[in-house]
2 protein chains.
Amino acid sequence: MTRPPGFTGSRVDRADHLRNAPERVAELAASLRARLLRLSGLDPMLDEKGGLGWGSLAEPGEGAELIFLGLDGETPLFAPLTLIRARPNPRAVFGLLETLAPEDAALWGTARSLIEWHNRHRFCANCGTATALFRAGWGRSCPGCQAEHFPRVDPVVIMLAEHDGRVLLGRQPLYPPGRYSALAGFVEPGESIEEAVARELFEEAGIRASNVRYVASQPWPFPGSLMIACIADAASDALTLDANELEDAFWADRAGVIAALAGDADAPFVAPPHFAIAHTLLTHWVAAA
Amino acid sequence: MTRPPGFTGSRVDRADHLRNAPERVAELAASLRARLLRLSGLDPMLDEKGGLGWGSLAEPGEGAELIFLGLDGETPLFAPLTLIRARPNPRAVFGLLETLAPEDAALWGTARSLIEWHNRHRFCANCGTATALFRAGWGRSCPGCQAEHFPRVDPVVIMLAEHDGRVLLGRQPLYPPGRYSALAGFVEPGESIEEAVARELFEEAGIRASNVRYVASQPWPFPGSLMIACIADAASDALTLDANELEDAFWADRAGVIAALAGDADAPFVAPPHFAIAHTLLTHWVAAA
């Protein structure tokens with residue numbers, strides 16, 4: 001694989017051992033070296049070089065709570081726990097992600113996942129009491145029942161079914177024009193990755209799959225998935241589409257996938273963006289075929 | 001790999017398309033064929049053959065809510081949403097799991113994860129209102145803010161660091177006497193599987209890891225993890241243990257792992273049980289070495 005999956009490659013040390021030491025984190029936040037991620041809503045504000053914009057903690061803005069992202073060498077990095085007023089549209093930021101450096105995308109994605117999780121988890125699921133940020137932003141604790149809550153990461157399988165040298169691509173109604181991608185779905189309680197791949201391919205496309213092979217993974221910060229990319233063998237190429245999930249699907253051959261990844265105008269479909277692991281998966285399949 | 005990972009291999013069709021059709025599920029629950037998983041607390045009650053015990057829905061007990069597990073051929077299977085009064089000790093059921101058939105363990109594990117999730121998520125994390133079961137037990141909905149909540153699955157990496165033909169095994173304080181196992185930790189927001197493996201090995205043991213290879217996965221119903229098993233190369237065998245996580249750790253050679261997996265009395269450690277993916281991982285490593 002030539003390019004690592006999107007949203008990976010952060011060089012920041014998460015410094016987990018500091019999260020339980022609030023006085024140490026407060027010291028770091030008070031130091032002149034500390035930097036605060038600049039956001040517009042949940043989206044990054046870029047500096048003049050096109051990298052993530054960082055501000056000082058001397059002016060903490062509206063008194064927002066802080067999330068400790070970790071240490072970049074000697075530099076403590078924080079993100080503000082912005083209050084989300086409107087439900088953000090993830091696709092609004094996709095244009096910006098086309099050019100953001102991988103390590104910047106990884107760090108911003110971490111902050112985005114955490115901020116959105118805090119916003120949606122202000123109350124204790126166990127007893128209904130309002131919770132408070134703890135562990136330097138990596139959890140919330142309940143003053144009512146003492147439950148501790150940790151940021152949710154939802155595992156999602158995303159997969160290419162392969163048959164006779166072609167792979168199955170599907171289209172969801174919300175995709176941009178011409179876009180097709182790998183099928184995907186949440187891993188449910190009580191199933192392995194391999195079982196989730198087989199179940200989703202059958203539910204969405206009527207495909208009986210076997211020989212599931214893991215390829216790669218990425219965090220996907222919309223809002224907080226762990227994408228687990230696989231390839232599986234399809235027993236047949238007959239499709240029975242679930243119209244609730246897919247608007248269309250087709251089997252793409254190697255030449256078609258190569259053309260789409262190259263962005264050719266006459267490619268049979270528009271490929272997913274480079275920062276989506278479906279792109280990684282298609283690139284891997286083309287190279288391995 | 002000779003034996004599939006524990007808690008996999010259920011032959012039950014989850015029948016996702018029925019979950020959004022409450023009248024269909026009610027019909028299935030009312031049918032004479034429907035069966036209700038028999039539980040004692042969260043643990044399975046076995047039948048005379050040592051398989052999962054099933055009762056009739058004609059006597060639904062204390063009016064418990066139902067979780068639709070799916071269809072076993074023509075047979076609709078349900079689990080009762082038992083109320084958990086005391087925090088269950090997972091290890092109490094480990095003896096029983098030694099002999100439970102894999103497909104039974106998989107089905108029971110699914111039910112256990114769902115029941116425990118419902119018990120701990122009776123209130124809306126978004127607004128604090130009491131929520132109600134929906135989607136036939138595969139979610140909860142909020143009458144206050146209309147948020148929909150879905151069962152949580154926490155991805156966990158579990159890994160063998162490999163160095164010079166040996167693998168790193170650690171011991172947590174709560175383990176039974178002599179038990180050592182693969183190191184493990186939760187995947188955090190903003191990291192891939194491969195990054196989580198590297199971070200955990202460094203945090204827990206001071207190991208710099210590279211070349212992370214995926215091996216296998218399993219659902220782990222205590223209470224609801226997705227275990228993702230990997231092997232990685234360690235740059236050195238020098239250990240710096242995090243005493244909060246590990247009581248001890250050592251490098252096991254192939255002969256030692258083979259002896260432990262065989263249950264030899266003079267093995268250098270007691271292996272994890274066959275239904276834990278650490279057992280799968282060690283078996284895979286021995287076979288591949």
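Trainee: Is α4(B) mostly covered or exposed, and how many of its residues are buried?
Mentor: α4(B) is mostly covered, with 14 of its 19 residues buried (buried: 20 or more other C-beta atoms, placed from the backbone, within 10 Å of its own). Helices are DSSP runs of H or I with at least four residues, strands are E runs of at least two, and both are numbered from the N terminus. This is a predicted model: local features need pLDDT of at least 70, side-chain atom pairs count only at pLDDT 80 or more, and totals for chains, interfaces and linings use all residues. Residues are numbered from 1 along each chain as its sequence is written, and chains are lettered from A in the order in which they are written.

Trainee: Why does the length of α4 in chain B agree with what a helix should span?
Mentor: Residues 102–120 of chain B should span 27 Å at 1.5 Å a residue, and the end C-alpha atoms are 27 Å apart, so the two agree. The expected span is 1.5 Å times one less than the number of residues.

Trainee: Chain A now. Which domains is it divided into?
Mentor: Domain 1 of chain A covers 16–120 and domain 2 covers 154–288, with bounds from an automatic or database domain assignment. Their centres, taken over C-alpha atoms, are 31 Å apart.

Trainee: How many residues does the contact take from each?
Mentor: Domain 1 of chain A gives 10 residues and domain 2 of chain A gives seven (contact: C-beta atoms, placed from the backbone, within 7 Å). On the domain 1 side, α4(A) supplies the largest share, six residues.

Trainee: And what size of box does chain A fill?
Mentor: Roughly 60 × 45 × 35 Å for its C-alpha atoms, along the principal axes. Buried residues make up 43% of its 289 residues.

Technical notes: Two residues are in contact if their C-beta atoms, placed from the backbone, lie within 7 Å. A residue is buried if 20 or more other C-beta atoms lie within 10 Å of its own, exposed if 12 or fewer, and partly exposed in between; C-beta atoms are placed from the backbone.
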